[in-house]
Amino acid sequence: MDWTDDGIVLSARKHGETSSIVTLLTRDHGRHLGLVRGGAGKKAQAVLQPGNRVEARWRARLAEHLGTFNCELTEAFTAALLKDPLKLAGLSAACAITEGALAEREAHPPVFDALLALLCAFEHEDWPSAYVKWELGLLSEIGFALDLSECASTGQNDQLAYVSPKSGRAVSLAAGEPYKDKLLPLPEFLLRPGATGSPEEVAKGLVLTGYFLDRTAFQHANGSLPAARQRLAEKLRA
């Protein structure tokens with residue numbers, strides 16, 4: 001078993017004295033683990049920072065084995081964010097969400113491309129809006145798309161203000177008024193491609209996407225959203 005693929009580091013955990021077990025999101029082979037010999041060394045650690053883009057070669061005797069990675073750095077996204085704790089929190093949250101939400105070795109090229117686009121978006125100040133939209137897209141890719149096209153009650157597409165926590169469908173301002181305490185707020189910027197939201201809207205967007213990620217991808221498998229995602233929400237609220 002031997003392949004080479006474009007990858008993004010999601011995590012690296014020390015294994016033994018000198019090696020690391022690394023999780024990558026690869027374009028054509030999905031979320032994939034492998035052993036990096038010497039991965040605990042300083043030079044390798046600089047390459048294996050979560051968020052970095054690498055060219056990865058995976059080898060194993062059998063397909064079901066853990067196998068070994070040989071990773072060469074192609075883009076050092078993490079280094080550019082080290083002096084910005086908020087952006088670094090966003091990167092950590094994205095990597096943790098990706099690692100926890102995807103099944104192992106299941107290819108999701110659109111998820112890879114979207115994560116790569118998000119890493120590039122950290123260069124801009126409106127990245128929090130891009131992050132919320134990235135989580136919304138991830139939900140869609142793993143089979144839990146929210147329907148924000150029209151009101152679940154009236155069928156109209158104007159004044160959409162809420163999302164039903166049961167169905168994941170949008171609800172208009174008028175139709176949702178009697179039940180607004182039981183509905184999730186729908187920030188307007190999520191309805192318009194290319195639009196950005198205020199800090200308050202971004203916070204509401206994180207509540208929305210976090211609710212459905214927790215319910216669909218994390219609650220049964222891992223118990224709750226990753227701590228890195230919770231820290232990001234707290235930082236952005238502050």
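User: Let's start with R53. Is R53 buried or exposed?

Analyst: Buried. This is a predicted model, and in it R53 has a relative accessible area of 17%. The cut-off for buried is under 20%, so R53 falls on the buried side.

User: Where does R53 sit, and which residues does R53 touch?

Analyst: R53 belongs to strand β4. Leaving out residues up to four places away in sequence, R53 touches D6, G7, I8, R27, E72, L73, T74, E75, F77 and L116.

User: Okay, what about A12?

Analyst: A12 is in strand β1. A12 counts as partly exposed, because its relative accessibility is 36%. Its contacts, not counting residues up to four places away in sequence, are I21, V22 and L48.

User: Now pockets. How do I read those?

Analyst: The general idea first: rolling a probe the size of a water molecule over the atoms shows where empty space is left. Here, the largest pocket has a volume of about 170 Å³. Its lining is made up of L35, V36, R37, A44, V47, L48, R57, R59, T68, F69, N70 and C71.

User: Which elements supply at least two residues each to that lining?

Analyst: β3 (30-36), α1 (42-47), β4 (53-59) and β5 (68-75). The largest share is from β5, with four residues. If you sort the lining by class, you get seven nonpolar, two polar and three charged residues.

User: F69 is in that lining. Can we talk about aromatic pairs next?

Analyst: A pair of aromatic rings is described by the distance of the centres and the angle of the planes. The count for this model comes to five aromatic pairs. Take W3 and F69: their ring centres are 6.2 Å apart and their planes are at 70°, so the pair is edge-to-face. This pair links distant parts of the chain, as W3 is in strand β1 and F69 in strand β5, 66 residues apart.

User: Are W3 and F69 buried or exposed?

Analyst: W3 counts as buried because its relative accessibility is 13%. F69 counts as buried too, at 5% relative accessibility. For contrast in geometry, Y131 and W134 form a tilted pair, with 5.5 Å centre to centre and 45° between the planes.

User: Which residues form a cluster with W3?

Analyst: W58 and F69: together with W3 they form one aromatic cluster.

User: Back to Y131 and W134. Why would residues at that spacing point the same way?

Analyst: An α-helix has 3.6 residues a turn, so residues three or four places apart point the same way. In this model, Y131 and W134 both lie in helix α4, three residues apart, about one turn of the helix. Y131 and W134 are both buried.

User: What else can I read off α4?

Analyst: Start with its span. α4 has 15 residues and reaches 21 Å from first C-alpha to last, close to the 21 Å expected at 1.5 Å a residue. The buried residues of α4 are W127, P128, S129, Y131, V132, W134, E135, L136, L138 and L139. Their cover includes α2, α3, α6 (199-218) and α7 (227-237). After α4 comes G143, with a positive phi near 100°.

User: And how does α3 read by that approach?

Analyst: Helix α3 covers residues 109-121, so to speak, 13 residues, and reaches 18 Å from first C-alpha to last, close to the 18 Å expected at 1.5 Å a residue. Its buried residues are V111, F112, L115, L116, L118, L119 and A121. They pack against β1 (2-15), β2 (19-26), β4, α2 (85-101) and α4 (127-141). One of those buried residues, L116, is also touched by R53, where we started.

Conventions. Residues numbered from 1 in each chain as written. Predicted model: local features only at pLDDT ≥ 70, side-chain atom pairs only at ≥ 80, totals over all residues. Heavy atoms only, no water. 1 Å grid on protein atoms, 1.4 Å probe; cavity = no way out; pocket = protein on both sides within 12 Å on 5 of 7 lines; lining within 4 Å. Points joined across faces, edges and corners; volume = space filled by probe spheres on them. Nonpolar A, V, L, I, M, F, W, Y, C, P; charged D, E, K, R; others polar. Expected span 1.5 Å × (residues − 1). Buried < 20%, exposed > 50% of the residue type's maximum accessible area, 1.4 Å probe, protein only. Contact = heavy atoms within 4.5 Å. Phe/Tyr/Trp six-rings, centres within 6.5 Å; stacked < 30°, edge-to-face > 60°.
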